[in-house]
Amino acid sequence: MTDITVAKGHVVSFHYTLTVDDQIVDKSDAERGPLAYLHGYGNIVPGLERELEGAPVGTKKQVTVPPELGYGTRDDDAYEKVPSSEFEGMQLQKGMPIQAQLPDGRTVVYWVDAVAEDHVVLTLNHPLSGRTLNFDVELVGIRESSDEEKAHGHPHGPGGHQH
Ligand code: ZN
């Protein structure tokens, strides 16, 4: 037993179930194991990160996250109609992320909001924006991170980035 708790720069592993309006929309998978993230680096939504601060391994918690601390509020102007011809050969589905490069070189993520015969509606709103998120979490591991992980801003190894 160690007394390490969740703090900035620690790699935290947890199991979770995410419920929105009584529907499970995401959960950690028994095969892949728990999700690992680097605490204090914005890897997970701020409302959840904040509630885990200081918690020890074994903590089980229910956390309710409002949109502002989750995937953001919904911007009704952030929708764009694009001709289907621009997506030739791609299998588009509602809720799918699409990375686009802006003229200034920055990349931005759009989400597919609707697919029609001759056009696609893209939005900057995350599919879970505007929604209250309910997380059921269980902390199963906390460890110090390496300098490399801190430099990358994410954990490596099981449950984290494989590269
Ligand atoms: Zn990395």
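Asp21 sits in the loop between strand 1 and strand 2. Asp22 belongs to that loop as well. Strands here are DSSP runs of E with at least two residues, helices are runs of H or I with at least four residues, and both are numbered from the N terminus. The model is predicted: local features need pLDDT of at least 70, side-chain atom pairs count only at pLDDT 80 or more, and totals for chains, interfaces and linings use all residues. Residues are numbered from 1 along each chain as its sequence is written, and side-chain values use heavy atoms, with hydrogens and water left out.

Phi of Asp21 is near 50°, a positive value in a residue other than glycine. Phi of Asp22 is near 65°, again positive in a residue other than glycine. Buried means under 20% relative accessible area, exposed over 50%, and partly exposed in between, with a 1.4 Å probe and protein chains only.

| Residue | Relative accessibility | Class |
|---|---|---|
| Asp21 | 56% | exposed |
| Asp22 | 77% | exposed |
| Ser13 | 17% | buried |
| Val137 | 4% | buried |
| His156 | 15% | buried |
| His163 | 66% | exposed |

**The chain overall**

The chain holds two helices and nine strands. Along the sequence they run β-β-β-α-β-β-β-β-β-β-α. The C-alpha trace spans about 60 × 35 × 30 Å along its principal axes. Of the 163 residues, 37% are buried. Contact means heavy atoms within 4.5 Å. Among contacts between residues at least 6 apart in sequence, 64% join residues at least 24 apart.

Ser13 lies in strand 1. Beyond its neighbours within four places in sequence, Ser13 touches Pro34, Leu35 and Ala36, along with Glu138, Leu139, Val140 and Gly141.

Val137 lies in strand 9, residues 133-144. The C-alpha atoms of Val137 and Tyr16 are separated by 4.4 Å, although the two residues are 121 apart along the chain. Neighbours within four places aside, the contacts of Val137 include Phe14, His15 and Tyr16. Leu48, Leu52, Thr59, Lys60 and Lys61 are also in contact with Val137.

**The largest pocket**

A pocket is found on a 1 Å grid over the protein atoms alone: it is an open set of points where a 1.4 Å probe fits, with protein on both sides within 12 Å along at least five of seven lines, and lining residues have an atom within 4 Å of a point. The largest pocket contains about 320 Å³ of space. Its volume is the space filled by probe spheres set on the points, which are joined across faces, edges and corners.

The lining has 15 residues, with Tyr16, Leu18, Asp26, Tyr71 and Phe135 nearest the centre. Strand 1 (10-20) and strand 2 (23-27) each supply at least two lining residues. Strand 1 gives the largest share, three residues.

**The zinc site**

His152 (ND1), His154 (NE2), His156 (NE2) and His163 (NE2) coordinate the zinc ion at 1.9 to 2.1 Å. Donors are N, O and S atoms within 2.8 Å of the metal (3.2 Å for Na, K and Ca), and water is not among the atoms, so sites may look incomplete. Along the chain, the donors follow the spacing H-x1-H-x1-H-x6-H. The arrangement is tetrahedral because the four donor atoms subtend angles of 99 to 123° around the zinc ion. Four donors count as tetrahedral if all angles lie between 85 and 135 degrees.

Methods
Tetrahedral: all angles 85-135°; square planar, octahedral: opposite > 155°, others 65-115°.
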